[in-house]
Amino acid sequence: MKNKNNELPASTEKPGEVITDAKETTAVEQYWHSAERAKLRKPPKDYKYVEEIAHLQFELIKLQESVRLQGLKVVVIFEGRDAAGKGGVIKRITESLNPRICRIAALSTPTEKERGQWYFQRYVAQLPARGEIVLFDRSWYNRAGVEHVMGFCTDEEYDEFLRSAPIFEEMLIRSGIYLIKYWFSVSDDVQEKRFQERMRSPIKRWKLSSMDIESRRYWVEYSKAKDDMFAKTDTKFSPWYVVNADDKKKARLNCIAHLLQQIPYTDLTPVEIELPPRQSDTGYKRPKISKQNFVPEVY
């Protein structure tokens, strides 16, 4: 809602997603020395979010090492309502991992050439090789959601997708890929609050695409599309796991803790490294600093 001066009201949220995230990262780093502990542990009622996220990120590092050394192939799909918190979970998963092992696949609108391909083709190109984890920030399920609701595909294409997706996923799993699918569920009231917050914040405003704005007109249609999708693709072979995402921090902890239980991994804590002595000076003279182009020190 805008006021009489056509201005958005000042945010009542505690300032600053950037500042909050920076403080969280700094706080987590302070817990690294004590992050390692027994994997299977029920957190106490008075748990501290920072301690738990530090522990889970430490376990993710162990998982990463197991994936790399055992040559596992892992695909994790993140789907859900706009502003449900998928990006926040993906960020917490990847920020402590090696991007050469764990990467994000977030495909843009298909090109004209891709529209003429087999629907799953461009997603197949993103699948992991041995020793890789791929996180799909939205996936082939775009067809069952936004494409279907907004009329970007035909009814025949939509019906064919619902028939083919379970078969396609069974093929992936039988080929040796670990496939985990998460749906982030957020209530109408919470989504509205997050949309308003994004509108007020110039740092978050980029998260609101024109399609996000338009999708608000079709809340019920998206709900029906999700229910129909689950009816056809929530299978024993490849189930959907629903994350209650009204509380962002709990959603992050619950999702990562669950993910760690889906893939077998061993306690491969990175070994401590002893640095060798630096090469001694052999009389080599380096070029003058005045001949190099330095970035201006404005800070």
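Trainee: In which helix do glutamate 59 and lysine 62 both lie?
Mentor: This is a predicted model, in which local features need pLDDT of at least 70, side-chain atom pairs count only at pLDDT 80 or more, and totals for chains, interfaces and linings use all residues. Residues are numbered from 1 along each chain as its sequence is written, and side-chain values use heavy atoms, with hydrogens and water left out. Helices are DSSP runs of H or I with at least four residues, numbered from the N terminus. Glutamate 59 and lysine 62 are 3 residues apart, about one turn, and the helix that holds both is H2 (residues 49–70).

Trainee: How far apart are the closest N and O atoms of glutamate 59 and lysine 62?
Mentor: A salt bridge is a side-chain nitrogen of Lys or Arg within 4 Å of a carboxyl oxygen of Asp or Glu. Glutamate 59 and lysine 62 form one, with their closest N and O atoms apart by 3.0 Å.

Trainee: Is glutamate 112 buried or exposed?
Mentor: Glutamate 112 forms a salt bridge with arginine 115. Buried means under 20% relative accessible area, exposed over 50%, and partly exposed in between (1.4 Å probe, protein chains only). Like arginine 115, glutamate 112 is exposed.

Trainee: Why does glutamate 170 count as partly exposed?
Mentor: Glutamate 170 forms a salt bridge with arginine 174, which counts as exposed at 61% relative accessibility. Glutamate 170 counts as partly exposed because its relative accessibility is 29%.

Trainee: How many salt bridges does the count come to?
Mentor: Side chains of opposite charge can pair when their charged atoms come close. By the salt-bridge rule, the count comes to 11.

Technical notes
Helix = DSSP H or I, 4+ residues; strand = E, 2+ residues; numbered from the N terminus.
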